[in-house]
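Please look through the model below with its sequence at hand. The paragraphs that follow lead from a sheet to the helices and then to the core.

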There are 2 protein chains.
Amino acid sequence: MKIGVFDSGIGGLTVLAALRERLPHAEYVYLGDTANLPYGTKSPAQVTRLSVACAERLKPYGLDALVVACNTASSVALEAIREAMGTVPVFGVVEPGVQAVVEALEAWPASEYVPILVLATRATIKSASYGKSLRSFLEPATRPVFEQACPILVPMIEEGWINHQVLHDTISEYVGPVRAVYLTGVVLLGCTHYPWIEAAIQAQLPGWKVVNSAFALGRLVSAQLNADKARGTAPGSVEWIFTDPDALPAFACQFINGQRRSAHVE
Amino acid sequence: MKIGVFDSGIGGLTVLAALRERLPHAEYVYLGDTANLPYGTKSPAQVTRLSVACAERLKPYGLDALVVACNTASSVALEAIREAMGTVPVFGVVEPGVQAVVEALEAWPASEYVPILVLATRATIKSASYGKSLRSFLEPATRPVFEQACPILVPMIEEGWINHQVLHDTISEYVGPVRAVYLTGVVLLGCTHYPWIEAAIQAQLPGWKVVNSAFALGRLVSAQLNADKARGTAPGSVEWIFTDPDALPAFACQFINGQRRSAHVE
């Protein structure tokens, strides 16, 4: 079984790790469009153009599935990517993210007031992909949805400031208005970079439940693919493609080397 | 007289303003490659490829000069841009920046120890363009050069946090090591975004002289171009090209509208 994972850069590595936990024997092709990151500050037209180019590049690999591990691309370009991939199933991160929020909310009685805070890039928030979908599932009177664009978080993570005071202050600035009113709620990491700073986000929202869509995505993908084909004893593999390989952050190289060690990855 | 100004995004607007002060009657074509920003985190090969594409796009305008208002492109792609532009004179920002530092240093006696701190993007610092050039002009025993990559500043400026506590803390983090040792010196804004936050940088380095290369560049360009052709009574004009026009920060739109008002710009 061959699965493509596509992201604007290194955020999708957190999705890849979740997929490999569920489907350890699959062969993965990871495409990070580092020559064109970040996607989150670009217009929908530009994100769509770039996403389709990545899909075209992955098509010759004969994939059994393509996972769009980038929230921005999932939010604005999923239909165009599906069209480009023809019959290959394409999974975005928005649907499993929404599913994960709905499940997390089951911890509260339906009558209790529980706010949902979506943190994501500017392009994802502008697209309202999460807001629209969440509101279609949830009762607005008790489950209000707040959406916050956090454009500085991705560059800060790429700088490696994942436990820096400036990062904590930046998160505090972004979540401050909602935190000032609500002691508890569900916060969705609506960008695949954010799991790198999950602890810092949790620290700023101590009473909140933090939801990472990567696990829900892993479950969705493994449930929908042919399970027989995914079984096996082969150690699995990852082929790495970066459109600007000389511009990888140091901590991403460490992560990739860790993945290499864990599974004899090519 | 027609002058092209090229930047990865909106940083070059500070250079455009300085040029228009010197050469108010010229016709300007401003190209902001917003579809591909930021350049400062990309590899030299990728920055060169993108810069040459921008030069090719500007070539049909019949320019009298092209100003590369991006420090990263000036640092790693100037020769390739010159090749692409043929006989059109091409000006980068590194040479006038170095010139401006040398002039600023004249305020101190040659025997006094005066450090120089270059703040720039990761790609510019990696290229060592400023360091190499400054060291070739300056006496190393009394004029030590420090180079600091500041990758988070550009996204923070694009977010509009130009007087935010988080910005001040980020600058403090970047200049802290040098400031801890030296009370005075010359700090060069080695990225055309940084003039937007010149006051914040000055506040973190109160005893230091802040140097912005835009003025030196304006002087260099006006001195080298045919002055007769530049004279006139026409109000001048700017034609704007943005490769991703839907992704401009709000404060850049304000600036562009201001420039429009000031000179009947098309």
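In what order do the 5 strands of the open sheet in chain B stand, and with which pairing? In this predicted model, the strands follow the order 4-3-1-2-9 and the pairing is parallel. The edges are formed by strand 4 (90–91) and strand 9 (237–242) of chain B, each of which has a single partner strand, so that one side of each is left without a neighbour in the sheet. Within the sheet, strand 1 (residues 2–7) and strand 2 (residues 27–32) of chain B are paired in the parallel sense over 6 bridges, and B:Lys2 has B:Glu27 as its bridge partner in strand 2 of chain B.

A helix accompanies these strands: helix 1 (residues 12–22) of chain B lies across strand 1, strand 2, strand 3 (65–68) and strand 9 of chain B, and it runs at about 170° to strand 2 of chain B. In chain A, helix 1 (residues 12–22) is mostly covered, with 8 of its 11 residues buried. Those buried residues are A:Gly12, A:Leu13, A:Thr14, A:Val15, A:Leu16, A:Ala18, A:Leu19 and A:Arg20.

One of them, A:Leu13, leads on to the largest nonpolar core, which has 153 residues and in which A:Leu13, A:Tyr194, B:Leu13 and B:Tyr194 are the residues with the most contacts. If its neighbours within four places in sequence are left aside, A:Tyr194 is in contact with A:Leu119, A:Ala120, A:Thr121, A:Cys150, A:Leu153, A:Val154, A:Ile157, A:Leu189 and A:Ile201.

Elsewhere in chain A, one may follow the packing of two helices. Helix 5 (residues 94–104) of chain A packs against helix 11 (residues 213–224) of chain A at an angle of about 110°, their axes lying 8 Å apart; the two helices are therefore roughly perpendicular to each other. From helix 5 of chain A, the residues A:Pro96, A:Gly97, A:Ala100 and A:Glu103 meet A:Ser213, A:Ala216, A:Leu217, A:Arg219 and A:Leu220 of helix 11 of chain A.

The C-alpha atom of A:Pro177 is separated by 41 Å from that of A:Val238, a residue 61 residues apart from A:Pro177 along the chain.

Terms used. Residues are numbered from 1 along each chain as its sequence is written. Chains are lettered from A and ligands numbered from 1 in the order in which they are written. This is a predicted model: local features need pLDDT of at least 70, side-chain atom pairs count only at pLDDT 80 or more; totals for chains, interfaces and linings use all residues. Side-chain values use heavy atoms; hydrogens and water are left out. A nonpolar core is a set of buried Ala, Val, Leu, Ile, Met, Phe, Trp, Tyr and Cys residues joined through side-chain atoms within 4.5 Å. Buried means under 20% relative accessible area, exposed over 50%, partly exposed in between (1.4 Å probe, protein chains only). Contact means heavy atoms within 4.5 Å. Axes are lines fitted to C-alpha atoms, for helices over the stretch in contact, and angles run from 0 to 180 degrees between N-to-C directions. Helices (H or I, at least four residues) and strands (E, at least two) are DSSP runs, numbered from the N terminus. Angles under 35 degrees count as roughly parallel, over 145 as roughly antiparallel, 65 to 115 as roughly perpendicular and the rest as oblique. Two strands pair if DSSP finds at least two bridges between them.
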